[in-house]
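Please read the points below with the model open. They are meant for someone seeing this structure for the first time.

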Amino acid sequence: PAGYALRLDAVTVARGGAAPIGPLSLTVPEGTRLALKGPSGAGKTSLIAVLCGRAQPLSGRAALGGADLRRLGGTALPERVAYAGQRPFTLRASLRDNLFQSRAFWATPGSEPRVWELLDLFGLAGRFRSADGLDTMLGESGLTLSGGERQRLCLLRALLAPFDILILDEALSEVDPATAARIMGCIDETFPQATRIITAHGGAAAAENFDMEIDLTKAGTYPLPR
């Protein structure tokens, strides 16, 4: 692919037992802040799966940088996609292990300070500093995290890996509006060149100003942002 621009041409997307979405034509240039809006069950997650190359459309063509996603085999794109979802998971392991980073990452100077900077921004640093720091155990017999804390931790995990496309699929739904707005502002400031695809049906993320907004209750053709 020649870059990370996404394009859908008359794409129809399966949506479980509900009627398919589409046809949908859409061009998403690199660096776009795209909001996928609609109520639960509207098909936001299904469309994301097609945009990621993890699912095939029922009809039409989905392309990345001009290359048909079907030809990429679902392997090239996910390597450059960071994803955080509504129902994140954590392991019964240390905070360090739950961040899923390589030994090379932890050996790089500045990595641990960067992690603590994000933990502080996300309102999590205090809990871990008062325990065992990055060696704090999570889960059974360890620190128990709320739903919003797990969401923030897993979003932090996603931001630590290199990416060109960031997908937040209701990733801040259990986070208070002030913290969610602060996190979104940090993401926009730190990763302005990355394409950011955000799904939401309420909360601070839904109230953000985006380059493009797609209402999945109204499938159709969406032009380039002005």
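1. Basis. This is a predicted model, in which local features need pLDDT of at least 70 and side-chain atom pairs count only at pLDDT 80 or more, while totals for chains, interfaces and linings use all residues. Residues are numbered from 1 along each chain as its sequence is written, and side-chain values use heavy atoms, with hydrogens and water left out.

2. Whole chain. The chain holds nine helices and ten strands; these are DSSP runs numbered from the N terminus, helices being H or I of at least four residues and strands E of at least two. Of its 226 residues, 50% are buried (under 20% relative accessible area with a 1.4 Å probe, protein chains only; exposed is over 50%, partly exposed in between). Among contacts (heavy atoms within 4.5 Å) with a separation of 6 or more, 69% join residues 24 or more positions apart.

3. Largest core. A nonpolar core is a set of buried Ala, Val, Leu, Ile, Met, Phe, Trp, Tyr and Cys residues joined through side-chain atoms within 4.5 Å. The largest one has 41 residues, and L119, F128, L155 and L168 have the most contacts inside it. At least two residues each come from β6, α4 (103–107), α5 (111–121), α6 (125–129), α7, β7 (165–169) and α8 (177–190). The largest share, six residues, is that of α7. Leaving out residues up to four places away in sequence, L168 touches A84, L155, M184, I187, I197, I198 and T199.

4. Another core, of 26 residues, lies apart from the largest one; V13, L47, I48 and L64 are among its members. Within α1, the buried residues include L47 and I48, together with K44, V50 and L51. These residues lie on the same side of α1 because they cover an arc of only 160° around the axis, the arc being that of the directions from the helix axis to the C-beta atoms. In general, an α-helix has 3.6 residues a turn, so residues three or four places apart point the same way. Just after α1, G53 has a positive phi of about 80°.

5. Largest pocket. Its volume is about 280 Å³. A pocket is an open set of points on a 1 Å grid over the protein atoms alone, where a 1.4 Å probe fits, with protein on both sides within 12 Å along at least five of seven lines; lining residues have an atom within 4 Å of a point. There are 18 lining residues, and Y83, A84, C154, R157 and A158 are the closest to the centre. Both β6 (81–85) and α7 (147–160) supply at least two of the lining residues, and β6 gives the most, with five. The lining has 13 nonpolar, two polar and three charged residues.

6. Second largest pocket. This one has about 210 Å³. Of its 14 lining residues, K44, T45, Q86, D169 and E170 are the closest to the centre. Two or more residues come from each of α1 (44–51) and β6, with α1 giving the most, three. Its lining divides into two nonpolar, eight polar and four charged residues.

7. T90. Where is T90 placed? T90 sits in the loop between β6 and α3 (95–98). T90 counts as partly exposed because its relative accessibility is 30%. Apart from neighbours within four places in sequence, T90 contacts N98, R150, L153, C154 and R157. Its C-alpha atom is 9.3 Å from that of L145, 55 residues apart along the chain.

Note on methods
Points joined across faces, edges and corners; volume = space filled by probe spheres on them. Nonpolar A, V, L, I, M, F, W, Y, C, P; charged D, E, K, R; others polar.
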